[in-house]
Amino acid sequence: MNRTERKLRALAAGHHLADPMAGFVDLAGIREAVEDLTKAFAPLGRVQHTIAVKACGLAPLLRYLGELGVDAEVASPGETAVAEAAGVRGPRLVLDSPAKTTAELAHALAAGTAINADNFQELARLDGLAGPAPRSVLGLRINPQVGAGRIGDTSTATTTSKFGVPLRDDRALVKAAFARRPWLTRLHVHVGSQGCPPELMADGVAAVHELAEEINAEAGYRQVTSIDLGGGLPVDFTSDDAGPTYAGYVATLLARVPALADGRYDFVTEFGRSLLAKNGFLVSAVEYTKVAGGRPIAVTHAGAQVAARTVLQPEHWPLRLTALHPDGTPKTGPAVPQDIAGPLCFAGDLLARERPLPLLEPGDLVVAHDTGAYYFGAHYAYNTLPRPAVHGFTVSERGDVRFTPIRRAQTLAELVADAGGEFVGALPQA
């Protein structure tokens, strides 16, 4: 049974769970994506695959991925804590962030977590923390300055990117930093994510591989023993097709740098969107409908609080939408251009504008496809709306659907607590 068939069965069986909105995760789809990933990268030899926790930092999913052999890339104390709670900790973590505190670095070093330093000042901080023989693998993030992809906000290898040490600007300083620190054994590169073609990503990897060869030649031994390739493989949001495949990306890498397969380096990957996006979807009830200026508008519970990028940059982050009857069956009828609105109190809170769909009515359901990455975990707290429940599902060979809770919907009491409820009486009287 393929992903589309599993989704249809889950929608029919779980429509009642969207009350008024919920996320769903295809666990078999994630397993298939991990299998594709590990098989594709086999020619590179020893590879530690990690999930970028920012893509969906839900502890049960991290535990599930961990059991499939996928470790975690973390970029904050919160992401670290969630991953550790999921049982993924120590050497199974890779810490990346442009703003790591001394406490974060000390925690990672004590746990044996790999660290990719972002800049020379961070390296100086590690000088005082790491000691002569750290347990952690320590690396340096390089900005190869190979240019931007289609989306500037997700391109991290531009001339002036805030991430990493700019290679064209500071190549000599990078090599000097390695020469002074024998414990510095990894290089890290991440060109960007959605909107960056595999060819551009391969250019960045090629630049860092060349740098590793130079550092090792000047050291007279293999000081750099591993390369963190980052993640960033884009996803096709316009169809059920995944987009560029892992196998295709590895072929692009090896065509650009055949030496990646010679066994002299270990590798790390940090994919997120490409592992999860196609294996999740949001379902929201239509609460009301109206017509304004001749245009039908369906007001749903899915807006910028779960889909901030789609709402604010629809040209870069469009979502496919499907209309369902209240019982979860596909809605038919003439396609009518209509706005699919969210619940937030600003006019631009729209999942789609003039989207042709069968005319929606109160009680119908709207499915937002390809939302398994970022949409569940990056909640925007405008209007103090609760985080929705998320359910994992599996489908048996007979077609029976089983749902497993991943996260329950946030309660009003939890929202009050987040809003400082415990300090209601703390301020002086006005």
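Author: Happy to! Keep in mind that this is a predicted model. Let's start with a helix pair: α2 and α3 cross in a right-handed way.

Reader: Nice. Which residues make the contact there?

Author: On the α2 side they are Leu27, Ala28, Ile30, Arg31 and Val34, and α3 brings Leu61, Tyr64 and Leu65. Sorted by class, that contact has seven nonpolar residues, one charged and no polar ones.

Reader: And at what angle do the axes of α2 and α3 cross?

Author: Roughly 45°, with the axes coming within 11 Å of each other. That angle makes α2 oblique to α3.

Reader: Got it. Switching to strands: how many bridges join β2 to β3?

Author: Three, and the two strands run parallel. Strand β2 spans residues 47-52, and Ala52 stands opposite Glu73 in β3.

Reader: What about the faces of β3, which residues sit on each?

Author: Asp71 and Glu73 are on one side, with Ala72 and Val74 on the other. Those four are all buried, so both faces of the strand are covered.

Reader: One more spot: where is Ala177?

Author: You'll find Ala177 in helix α7, which covers residues 167-180.

Reader: Is Ala177 buried or exposed?

Author: Buried, because its relative accessible area is 0%.

Reader: What is Ala177 in contact with, leaving aside its neighbours within four places in sequence?

Author: Phe120, Leu123 and Leu184. Phe120 is 57 residues away from Ala177 along the chain, and their C-alpha atoms are separated by 8.0 Å.

Key: Residues numbered from 1 in each chain as written. Predicted model: local features only at pLDDT ≥ 70, side-chain atom pairs only at ≥ 80, totals over all residues. Heavy atoms only, no water. Axes fitted to C-alpha atoms, helices over the stretch in contact; angles between N-to-C directions. Parallel < 35°, antiparallel > 145°, perpendicular 65-115°, else oblique. Left-handed = near helix turned anticlockwise from the far one by under 90°. Contact = heavy atoms within 4.5 Å. Nonpolar A, V, L, I, M, F, W, Y, C, P; charged D, E, K, R; others polar. Buried < 20%, exposed > 50% of the residue type's maximum accessible area, 1.4 Å probe, protein only. Pairing = 2+ DSSP bridges.
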